[in-house]
Amino acid sequence: MAQEALGRLVDISTGWTPVDLATAGATGKRVSLRNAGGVLILVSLAAAGSGTESVTLTLQEHTAASGGTSQNLAVIDHYYRKAEATLDGDEQWTRVSQTAAATISVAGASFATQEVLIAIEVQNTSLSDGYDYISLNASDPGTVARVGECHYILRDLMVQRAPAKLAAPLS
């Protein structure tokens, strides 16, 4: 039997589970890039009922799984976005270019009432010396409910194993 993609090509970890960002935003869990060539960060935002508040996503790097030193990681020079009133599989990715930064703004005036997918690629070689972990945080978009979730898809695994034997992505 051929080995499946999970454990051979990718591992998946939660950045944050579905949460109403209007309650206080979301602090992303940390994931290690020591054993991966990079990570595809996938953020899903539900449509808000109304409003024009933006959601700001901030990429950080860390020296430890908890505690340690944290700083913004200003390497996002492009990302991909899908947005539509209802994401139903017929939309295409739009490449959004920007000057390298640690943040992305999902503009409320344009996207508050749309469902949005954001995909951000981060190479493990982009981290500063001594930093092995990344996380993605989301800001509080204001008073209108906006549910969001984030997943880290670790890719180019340096050690390939059956899914049940994968090292925890925090290590």
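Ala, Val, Leu, Ile, Met, Phe, Trp, Tyr, Cys and Pro count as nonpolar, Asp, Glu, Lys and Arg as charged, and the others, Gly among them, as polar. The model is predicted: local features need pLDDT of at least 70, side-chain atom pairs count only at pLDDT 80 or more, and totals for chains, interfaces and linings use all residues. Residues are numbered from 1 along each chain as its sequence is written, and side-chain values use heavy atoms, with hydrogens and water left out.

**Exercise 1.** Determine which residues line the largest cavity and how they divide by class.

*Solution.* On a 1 Å grid over the protein atoms alone, a cavity is a set of points where a 1.4 Å probe fits but cannot get out, a pocket is an open set with protein on both sides within 12 Å along at least five of seven lines, and lining residues have an atom within 4 Å of a point. Grid points are joined across faces, edges and corners, and a volume is the space filled by probe spheres set on the points. The largest cavity has a volume of about 40 Å³. Its lining consists of A48, S50, E53, A112, P141, V144 and R146. These divide into 4 nonpolar, 1 polar and 2 charged.

**Exercise 2.** Describe the lining of the largest pocket.

*Solution.* The volume of the largest pocket is about 180 Å³. There are 13 lining residues, and D11, N35, L157, A167 and A168 lie nearest the centre. By class, the lining comprises 8 nonpolar, 3 polar and 2 charged residues.

**Exercise 3.** State whether T58 is buried or exposed.

*Solution.* T58 has a relative accessible area of 16% and is therefore buried (under 20%; exposed is over 50%, partly exposed in between; 1.4 Å probe, protein chains only).
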